[in-house]
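Dear colleague,

I am handing over the structure we spoke about, together with a short account of what was found in it. Please read the notes with the coordinates open beside them.

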Amino acid sequence: MTSNVTLSWPETLPLPTIDYSGEPRNTTIVSAWDDLIVTRRSRFAKTYAILSVVWKMTADQFSDFKDFVSDDLQNSARLFTMDLRYPKNSALSTWVVRLMDTIESAYEDGIWTVQGNLEVLFPVDL
């Protein structure tokens, strides 16, 4: 699939580490249980992977990260490309991704630990 996504992960920010124990998104829509007939259908034709990711950042990198998310990504609404060691943990490949849900951060000993989820949509054909 060819990507027309022009926004990329900043080179000044570190790449995340990935928790490969993520799970696929539930793509089934179910009608209300009090309906006479319960109906189900698939929300999408394709299921996207959701990866749990963690970044370790300095104070300056964390400031740049917050600016990137709020300004460039419009609070995680936009798609962007990122190099990930996915689906194998051996070589980097470029993927179109989106930040999901809330992003949690903690500061300890001069390092910011940022945790969140990435929705991996499709690889970028180079």
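This is a predicted model: local features need pLDDT of at least 70, side-chain atom pairs count only at pLDDT 80 or more; totals for chains, interfaces and linings use all residues.

**Sheet, helix and core**

Strand 1 and strand 4 run antiparallel and are joined by 3 bridges. On the next pairing, strand 4 and strand 7 are likewise antiparallel, with 9 bridges between them, and here I50 is found opposite E119 in strand 7.

Taken as a whole, the sheet is open and consists of 5 strands in the order 1-4-7-6-5, with antiparallel pairing. Its edges are strand 1 and strand 5 (80–84), each of which pairs on one side only, and from one strand to the next the twist averages 45°. At the strand 5 end, 5 bridges connect that strand to strand 6 (residues 93–108), the two running antiparallel, and L84 has S93 in strand 6 as its bridge partner. Helix 1 (residues 59–72) packs on the sheet, where it touches strand 4 (49–57), strand 5, strand 6 and strand 7 (111–123), and its direction makes about 140° with that of strand 4.

F80 deserves a separate look. Leaving aside neighbours within four places in sequence, F80 is in contact with V5, L7, S8, W9, F68, L73, W95, V96, V97, R98, L99 and L118. F80 also belongs to a cluster that ring pairs link together, the other members being W9, W55, F62, F65, F68, Y107 and W112. The count of aromatic pairs comes to 10, and one of them is formed by Y107 and W112, whose rings are tilted, with 5.1 Å centre to centre and 50° between the planes. The pair is called tilted because an angle under 30 degrees would count as stacked and one over 60 as edge-to-face. Y107 itself counts as exposed, because its relative accessibility of 52% falls on the exposed side of the cut-off, which is over 50%.

Two further residues may be worth checking on the display. N4 is found in the segment before strand 1 (17–19), and it is exposed, with a relative accessible area of 70%. The C-alpha atoms of N4 and F80 are separated by 9.9 Å, while the two residues are 76 residues apart along the chain. S76, by contrast, lies in the loop between helix 1 and strand 5, and S76 is classed as buried because its relative accessible area is 14%, where buried means under 20%. Not counting residues up to four places away in sequence, S76 touches V69, R98, L99 and I103. Two of these, R98 and L99, are also among the contacts of F80.

How values were computed. Residues are numbered from 1 along each chain as its sequence is written. Side-chain values use heavy atoms; hydrogens and water are left out. Helices (H or I, at least four residues) and strands (E, at least two) are DSSP runs, numbered from the N terminus. Buried means under 20% relative accessible area, exposed over 50%, partly exposed in between (1.4 Å probe, protein chains only). Two strands pair if DSSP finds at least two bridges between them. Axes are lines fitted to C-alpha atoms, for helices over the stretch in contact, and angles run from 0 to 180 degrees between N-to-C directions. Contact means heavy atoms within 4.5 Å. Rings of Phe, Tyr and Trp (its six-membered ring) pair if their centres lie within 6.5 Å; planes under 30 degrees apart count as stacked, over 60 as edge-to-face and the rest as tilted.
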